[in-house]
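Colleague: I am new to reading protein models. Could you walk me through one, feature by feature?

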Amino acid sequence: MKKSVLLASAAIMMCYFASCSGGKKTEEAAAPAEEANTEAAVPEYKLMNDLPMVDLSKFPKDADGKITLFDGKTLNGWRGYNRADVPARWTVNDGAIHMSGSGAGEAGAKDGGDLVFAHKFKNFELEWEWKVAKGSNSGVFIMIQEVEGQPSYISAPEYQILDNVNHPDAKLGKDGNRQSASLYDMIPAKPQNSKPFGQWNKSKIMCYKGTIVHYQNDEPVVEYHLWTQQWKELLDNSKFSKDKCPLAYELLLNCGGENKEGLIGLQDHGDDVWYRNITIKELD
């Protein structure tokens, strides 16, 4: 699912890793070549901080404080990751956001790419419903930082969305940690209670001061804690480890950046998937 990262060469040594894609330079000066020989430099990158954001106060809120992020009719408030418009493959059909599968793999379609809600969230309860076509793969991301030239997963934990029966990713990873509602490639969802393709599932992510809980069909199935030793160990033993994917490791280790907040997003993995009834409640 993930691609390769570029590290510095000459002034900054550059290495390719099959699971991640290339990093970008920041304003920091390059380390001398002799220093680079002792330890690999932290991958450099540039955050995209000039993309449009929305005023959350203009979105409907119910008596319980739940804010409607998708009105069932329009993609108001949504845009593409690292872009100001909505990729054409994301449309609204029958009250749901639909990714029209391209068959081109993750963000492979010319008119595809991940979809984000243009507001950064910190502590929240995010709820939604989803269904997939036969053999489909997608995901819901939290704490996304928009990094120039990089995919959204490079900085964001993923709540896996999958047809567990027909997509091969369900049998990869360890102990089912790539199946539906799992923290992708790190913690398997238990119990695994997803419904078959074509049927609607109900999901929730609770995020509060670094504690993250995944729910699937009204049951808690995953819990983890950002910015802790446990979180570091999860990364160390995943495809986002420092050796396999240095840029992802750096960003995920410091998930949410300086302000410990980020965007939520829906993944284009090249397959048909539908999302509806998307709400969020901000927690104090």
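Colleague: Which residues does Trp-78 touch?

Modeller: Contact means heavy atoms within 4.5 Å. Leaving out residues up to four places away in sequence, Trp-78 touches Leu-69, Phe-70, Val-86, Ile-97, Leu-115, Val-116, Phe-117, Leu-266 and Ile-278. Keep in mind that this is a predicted model, where local features need pLDDT of at least 70, side-chain atom pairs count only at pLDDT 80 or more, and totals for chains, interfaces and linings use all residues. Residues are numbered from 1 along each chain as its sequence is written, and side-chain values use heavy atoms, with hydrogens and water left out.

Colleague: How many residues are in the largest nonpolar core?

Modeller: A nonpolar core is a set of buried Ala, Val, Leu, Ile, Met, Phe, Trp, Tyr and Cys residues joined through side-chain atoms within 4.5 Å. Buried means under 20% relative accessible area, exposed over 50%, and partly exposed in between (1.4 Å probe, protein chains only). Here the largest core has 62 residues, and Trp-78 is one of those with the most contacts inside it. Of the chain's 284 residues, 51% count as buried.

Colleague: Where is Ser-152 found?

Modeller: Strands (E, at least two residues) and helices (H or I, at least four) are DSSP runs, numbered from the N terminus. The chain has 13 strands and three helices, and Ser-152 is in the loop between β7 (137-144) and β8 (158-162).

Colleague: Is Ser-152 buried or exposed?

Modeller: Ser-152 counts as buried because its relative accessible area is 1%. Not counting residues up to four places away in sequence, Ser-152 touches Tyr-81, Asp-114, Phe-141 and Ile-144. Asp-114 is 38 residues away along the chain, yet the two C-alpha atoms are separated by 7.3 Å.
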